[in-house]
Amino acid sequence: SLRSAGARADTVDAGGGSPRTYAAAAGAADAITALQTHGARPRDLDLKLAASECHPDAIGVLLAAGMSVDGATAADAPLLGAASANCTDGVKVLLDRKANVNVKDGDGRTALIIAAAGNMLDLARLLLERGADVAVEDSLGRTALLYASMNGREEMAELFKSARIKK
């Protein structure tokens, strides 16, 4: 085995990637668990990659290892990566673990704004069910409703209008 040949589970390559990072990007939850057993420590990049590549099982394993569900900074927020990938299963895992549904990236975009801009109707419904705020504005002053309206996404716009009325 690699381990008996002297390979270390926490080795980092020139690009900053570790075996765990590559396992997370590939969604190899079993490999992440095995690496953890041999001393690999989770890093924020691992969770961000697992979320961005839509690997819910890997997300769960990394969270079980003690990683912050919201990442170290808003820029590292796994929820935003999962939303960008239209990964409703990954978003569910993160929200079940109490991720901040209204976390913003550096441009002030929330997962709901990302869903609206990308016409991800099922994701938008899930986020609204879990408490996403339709009134949140990004750094340009635009809300999810405005993104839906700007892009002619009538069903999405109606969903946001209904959510606004319920609040």
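User: What makes Asp-13 and Gly-17 contacts of Tyr-22?

Analyst: In this predicted model, contact requires heavy atoms within 4.5 Å. Leaving aside neighbours within four places in sequence, Tyr-22 meets that condition with Asp-13 and Gly-17. Tyr-22 itself is located in helix H1, residues 19-26.

User: Why is the pairing of the Tyr-22 and Asp-13 side chains called a polar contact?

Analyst: The cut-off for a pair of N or O atoms is 3.5 Å. The two side chains are joined at 2.4 Å, so the pair is within the limit of 3.5 Å.

User: Why is Asp-105 called buried, and why is Arg-109 called partly exposed?

Analyst: Buried means under 20% relative accessible area, exposed means over 50%, and partly exposed is in between. Asp-105 has 16% and is therefore buried, whereas Arg-109 has 33% and is therefore partly exposed.

User: What makes the link between Glu-155 and Arg-125 a salt bridge, and which helices hold these residues?

Analyst: Their N to O distance is 3.2 Å, which is within the 4 Å limit, so the term applies. Glu-155 lies in helix H10 and Arg-125 in helix H8, so the pair ties together parts that are 30 residues apart in sequence.

Technical notes
Residues numbered from 1 in each chain as written. Predicted model: local features only at pLDDT ≥ 70, side-chain atom pairs only at ≥ 80, totals over all residues. Heavy atoms only, no water. Helix = DSSP H or I, 4+ residues; strand = E, 2+ residues; numbered from the N terminus. Polar contact = N/O pair within 3.5 Å; in protein donor to acceptor, adjacent residues only side chain to side chain. Buried < 20%, exposed > 50% of the residue type's maximum accessible area, 1.4 Å probe, protein only. Salt bridge = Lys/Arg side-chain N within 4 Å of Asp/Glu carboxyl O.
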